[in-house]
Each structure stands twice: as structure tokens, then as C-alpha cells.
Amino acid sequence: MNVREAVRHLSGELTSAGIVDSRLEASLIVSHVLKVDRGNLLLATDRVLMESELEAVFKCLRRRVLHEPLQYVFGEWPFLDLQLEVSPSALIPRPETEEWVDRLLETLIPKYLGANSIRWFADIGAGTGAIGLALANGLPLSCGLLCDISPEAVTLAQRNLARHPAAASRLSLILGDLTLSLHDSAFDLVASNPPYIKSADMPGLMPEVRDHEPRMALDGGKFGTSIIARLLADLGRVLRPGGLAAFEHGDGQRPSILALPAPGLSLLEAGNDACGRERFLVWVKR
Ligand SMILES: C[S@@+](CC[C@H](N)C(=O)[O-])C[C@H]1O[C@@H](n2cnc3c(N)ncnc32)[C@H](O)[C@@H]1O
């Protein structure tokens, strides 16, 4: 079987399994196994796959038709300029998170703080470590504390820190409950992508998310904002005056979040994602 035939075959199998972007995913699987990017794959459509390569392709296919996320099948996925290990121990880092973290680094931090003014930052609910590692890369004079309540996520983040030793040399990773173990007025920046899906919406999620990603990373309680409410209640304590808090939230949650008590904080920015959905909020400690 050559590359063209393999992509066509996989695409058909994925379509039958109800996978929407079947052709794209088929070519991603073949690219992954052959270790070439998709552009180069298109230049090699007559290349015949070796027995071991075909076996690897079909192994990926067998997992993907069961709706296991492609990212878990591959075991790694990019976040900004980082290549991260991903596994069911933690949420797969999302492009919409990349987007606001990039905006934080490129626009919001320079505008409100000055790029070199951040000494200490925290990433609360670190998961794979994506946000903390990206902040450490983008803020080379800073040190960061990454915190997650899931032991499995902390173990995975530890491995991702080991993959990026230069950034990791300025990072600490702890197992903990939100900001509870953080010192008063210690941080210039606290970033978080907390769980924010309403508990009642969990059963209706795509099987890739509902059946494979950790519930603890997704379920934000009855209104989806219970973790956000806890964060907002304590962020004013852990930020130094003038420090920033930035966190992701779900579309449609903004009015209810803005009605929550946020002692010591004032809203600076409310940002949408590239699809125009409400996505993140930035606060300053007065
Ligand atoms: C939406 S995921 C975000 C993961 C990662 N930061 C990212 O953006 O890909 C939320 C994370 O918060 C963690 N989490 C949930 N409740 C927490 C709590 N009370 N304290 C600390 N972390 C918590 C989950 O284990 C999960 O890793």
C-alpha cells in the first residue's frame, strides 16, 4: 500500500466511525508514522509503506475509530513552540488557550506590566504544564510555580518540564489546591485555564473529550464557574499590587463571572478568541 492508498483507506474507515475531519486525520496519522510533515507527505504519495509502518498506521487507526483523541494516540502535541507529552492524565492543550497565552505574552503583559517586570508567576491547574512552560519561555527573567490538584497531571507535567530543561530550570511544580499554598502578595502574574464546563453539560460532550480527558480538568460544577469563583476570591491575596491575573473561561459565562466577588481586583481586559467567542479575562490587583 502506498501513501495515497493508505490515506484513502484510513479516511474511509474514519468517516465510517463518524470522525468529521477524516481526510485530514488520515494524512496526520500517516505523516506521524512516517515522521514527515503533511506538506512533504503530499510530495511522496507513491511511497510504499513498509510492513512495520503499515502496522503502526493500523494501530493508530484502531485507537482513533474508538474515538480516542488523536493527540493521545500520538502521545505528543504542540503548544505554541513547545512539543509536549500528552496522555489521559491531563487535558490536551487547546488552540484557544494558545491564542490567549500568546496574546498575554505579546500584547497584554508589555502593555500593563512591561515584559521584564515579571519576577514570579503562577500557573494554576497546570495540567501538562503547557501554560507555565510557555510563560517561562516568553518571560526569560521570571520564575514560575506550577500547581495542580491531580497527582497524575503533576507527574505528566514533571516529564514535560524534563523535556524543556532551560525553561524548567526556573520552574517549580507542586501538588495543591488552587492558590491555597501560595504566599501573600508573592506574584506578579497568575495565569489559569481552570475547569469551566457545567456539570450538566458533561454527558453531552464529544466522546473524545467526555470519555478520554480527565473529568477533573473539565467539570466546573453546577454553573461551570465554581473553580473560577474560588480563584477570584483569593487572587487578590496572592498578587502584588499592580500584578495581573489572567484566566480562560467558557463562552456565555462572562456576565456571571463579572458578578462574582473579586476582592482587591479590577477588570482590565475581556478578550474573545479567533471565532469571536468570549474566552479570557485579565484583572489587576489594585
Ligand atoms: C482545563 S485543565 C487546564 C490544563 C492546562 N493548564 C491547559 O491549559 O492545557 C484544568 C486543570 O486544573 C486542574 N484542577 C482542577 N481543580 C483544581 C484545583 N482545585 N486545584 C488545582 N488544580 C485543579 C485539573 O487537574 C486540570 O489539570
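A residue is called buried if 20 or more other C-beta atoms lie within 10 Å of its own, exposed if 12 or fewer do, and partly exposed in between, with the C-beta atoms placed from the backbone. Helices (H or I, at least four residues) and strands (E, at least two) are DSSP runs, numbered from the N terminus. The model shown is predicted, so local features need pLDDT of at least 70 and side-chain atom pairs count only at pLDDT 80 or more, while totals for chains, interfaces and linings use all residues. Residues are numbered from 1 along each chain as its sequence is written.

Figure 1. Taken along the principal axes, the box filled by the C-alpha atoms is roughly 65 × 40 × 35 Å. Buried residues make up 38% of the 286 residues. Two residues are in contact if their C-beta atoms, placed from the backbone, lie within 7 Å, and among contacts between residues at least 6 apart in sequence, 65% join residues at least 24 apart.

**Figure 2. The shell of 24 residues around the ligand.** The closest residues are Gly 125, Gly 127, Ile 149, Asn 193 and Ala 217. The shell divides into 16 nonpolar, six polar and two charged residues, where Ala, Val, Leu, Ile, Met, Phe, Trp, Tyr, Cys and Pro count as nonpolar, Asp, Glu, Lys and Arg as charged, and the others, Gly among them, as polar. Helix α7 (130–138) and strand β4 (143–148) each supply at least two residues of the shell.

**Figure 3. Helix α7 and strand β4, two elements that contribute to the ligand shell.** Helix α7 is mostly covered, with seven of its nine residues buried; these are Ala 130, Ile 131, Gly 132, Leu 133, Ala 134, Leu 135 and Ala 136. Five of the six residues of β4 are buried, so this strand is largely enclosed by the rest of the structure. Two strands pair if DSSP finds at least two bridges between them, and strand β3 (residues 120–124) pairs with β4 in the parallel sense over five bridges. In one of these bridges, Trp 120 has Cys 143 of β4 as its partner.

Figure 4. Leaving aside neighbours within four places in sequence, Ala 245 is in contact with Val 190, Leu 235, Leu 239, Leu 265 and Trp 283.

**Figure 5. Val 7 in helix α1 (residues 3–16).** Val 7 counts as buried because it has 25 C-beta neighbours inside 10 Å. Apart from residues up to four places away in sequence, Val 7 touches Ala 26, Ser 27 and Val 30. Between Val 7 and Glu 25, which are 18 residues apart in sequence, the distance from C-alpha to C-alpha is 8.9 Å.

**Figure 6. Lys 35 and Leu 178, two loop residues with positive phi.** Most residues other than glycine have a negative phi. Lys 35, in the loop between α2 (22–34) and α3 (38–42), has a phi near 60° and counts as exposed, with 8 C-beta neighbours inside 10 Å. Leu 178, in the loop between β5 (171–175) and β6 (187–192), has a phi near 40° and counts as buried, with 21 C-beta neighbours inside 10 Å.

**Figure 7. The hairpin of β8 and β9, with five residues between the strands.** Strands β8 (residues 265–272) and β9 (residues 278–285) run antiparallel and are joined by seven bridges, in one of which Leu 267 is partnered by Trp 283 of β9. In this hairpin, Gly 276 takes a positive phi near 85°.

Conventions
A residue is near a molecule or strand if its C-beta atom, placed from the backbone, lies within 6 Å of it.
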